[in-house]
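Reader: I have a new structure to read and would like to learn how to go through its features in order. Could you take me through them step by step?

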Amino acid sequence: MYCVRVDGGHALGGQVAISGSKNAGLLALAASILADEAVILHHVPDLKDTRFMGQILETLGCEFSFQTGTARIRAREISGNPFYECVRQMRASVCLLGPLVARLKQVRMPLPGGCIIGQRPIDLHLHGLKALGCEIFIQNGFVSASADHLIGATISMGGPFGSTVTGTVNVICAATLAKGATVIRNAAREPEVVDLCRMLTKMGAKIDGIGESTLTIEGVDQLHGACHELIPDRIEFGTFLLLALAGRCELKLSKMSLPLCGALVDTLATNGAVFEEIGDFFVVHGSRSNLRPMRLETFPFPGLPTDLQAPLCTLFTQISGASSIVEHIYPNRFAHIVELQRMGAVISMDGPRAIIRGVTQLSGAKMVIPDLRAGACLYMAALLANGESLIHGVHHVDRGYENFDEKLKKIGAVLQREEVERTNGGKEI
Ligand code: EPU
């Protein structure tokens, strides 16, 4: 266990290479078991979560190797069911449900619980698989799904919040090997779902409507091996973009197709942010930006992503006036607020809306990261603050941001990891 000591207030600036997408990587790793030939994935970020998914694949009987951004998975013969610890430690392991039932015709896996960001039901995943002909039982905290044959159907994946990303992916994966055509309405359109569909197409899947809210999948007898390069991580890109604006510095960010981040870039540009595309770089001119307070809401893609809500809260502490953000996807995803308040941020809550008044000179504090994206938000706040911060719970950040500390140091951040034993008698708080 490590914590990070951050000396705030140093000028930042420079270049950041954006890694491959964490969530696209997790979906692709899980879906790779649909074929018994090797699947090679490039631009895979070296993260706790991707390595953990690799370990789960190994426990299922897959060959798995991972070196310098390239993962090779071969699911020649797979057996077994994911363990409770796997699903408990990484909720994204739920996206093995569709691939496993498609490949093995039966699976028994622990039901994922909620987590710090809120309730995370899987009713829509199960509804979709049932429509494809699966029998589903829930008992003793496990879900069992089985089907002699998966048969194409018309399924709606929508709910009051929009659609479900991993639920859509589970149904897509199962439908690729079903008999006949499946039509998925209200499919999630997140870039990570699109990227997965592109990978499946390379594996021989027949998918129409990629990127739209209605997908048609014509089942095939089997999928084959393929090579695929993951899209860049739009949330990592957004996090560094917000850091440049909050810190009023210049950052050159690499490798991003802007439509993946359209809502963020457009909203900020309309509210005074200055950006420039130069060659392969996206340059954020934080010092030339003059941001006005904003009223934002998170939505499914192409809306503003929930995964950037926490870093946006840090930015809002640096904008003069009252900004607000409504969290529609996970209305309780606000565990970072109390930590920001401890640093001096002026924030009030009104249901799922955080109202943040700036400008506040944040002051360094001891903090505990409650979840991955809150981690980015608190790192940002510590870098902007006067004085020293000691941040516990950095393992959350290691789950989803590749080499975060090193990338920050390269742009001028002054921080260092310390073993928790040295600071806290061996106990992580
Ligand atoms: N929902 C239901 N029923 C379901 C499934 C979802 O009601 O059967 C609701 C959820 O409660 C939530 C909403 O649907 O209100 C959206 O949840 P979704 O299923 O889309 O989330 P997810 O697939 O579990 C993925 C990302 C999350 C990201 C969300 C929303 C992966 C591995 N995870 O989760 O990423 O926040 O979509 O975009 O792709 C992160 O990277 O930090 C992260 C949490």
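**Reading a buried side chain**

Author: In this predicted model, the side chain of Ser-254 comes to 3.1 Å from the backbone nitrogen of Ile-18. Ser-254 itself belongs to strand β14, which covers residues 250-254.

Reader: Is Ser-254 buried or exposed, and why?

Author: A residue is called buried when its relative accessible area is under 20%. Ser-254 has a relative accessibility of 10%, and therefore counts as buried.

Reader: Which strand holds Glu-418, and what does the side chain of Glu-418 contact?

Author: Glu-418 sits in strand β23, made of residues 414-419, and its side chain makes a polar contact of 3.4 Å with the side chain of Gln-416. With a relative accessible area of 5%, Glu-418 is buried as well, because the limit is 20%.

Reader: Let us turn to strands. How many bridges join strand β1 to β22, and do they run parallel or antiparallel?

Author: To read a pairing, one looks for the bridges between two strands and then for the direction in which the strands run. Strand β1, residues 2-7, is joined to β22 by four bridges, and the two run antiparallel; within this pairing, Val-4 has Ile-391 of β22 as its bridge partner.

Reader: In which sense does strand β21 pair with β22, and which residue of β22 does Met-367 stand opposite?

Author: Strand β21, residues 366-368, pairs with β22 in the parallel sense, over three bridges, and Met-367 is placed opposite Ile-391 of β22. Strand β22 spans residues 388-392 and is mostly covered, since four of its five residues are buried. Together with helix α12, which runs over residues 372-384, the strands β21 and β22 make a β-α-β unit that is right-handed.

Reader: What form do β19 and β20 make, and how many residues lie between them?

Author: They form a hairpin with two residues between the strands, and in the turn Gly-351 has a positive phi of about 60°. Strand β19, residues 346-350, is joined to β20 by five bridges in an antiparallel arrangement, with Asp-350 opposite Arg-353 of β20. Strand β20, residues 353-358, is also joined to strand β18, residues 321-326, by six bridges, and these two run antiparallel; here Gly-321 stands opposite Gly-358.

Reader: How far from an oxygen atom of the ligand does a polar side-chain atom of Tyr-330 lie?

Author: The distance for Tyr-330 is 2.9 Å. A polar backbone atom of Pro-121 is 3.3 Å from an oxygen atom of the ligand, and an N or O atom in the side chain of Arg-373 is 2.8 Å from an oxygen atom of the ligand. Taken alone, the ligand exposes 830 Å², of which the protein buries 89%.

Technical notes
Residues numbered from 1 in each chain as written. Predicted model: local features only at pLDDT ≥ 70, side-chain atom pairs only at ≥ 80, totals over all residues. Heavy atoms only, no water. Buried < 20%, exposed > 50% of the residue type's maximum accessible area, 1.4 Å probe, protein only. Pairing = 2+ DSSP bridges. Right-handed = clockwise from strand over helix to strand, strands pointing away. Polar contact = N/O pair within 3.5 Å; in protein donor to acceptor, adjacent residues only side chain to side chain. Areas by Shrake-Rupley, 256 points an atom, 1.4 Å probe, with all protein chains shown as cover.
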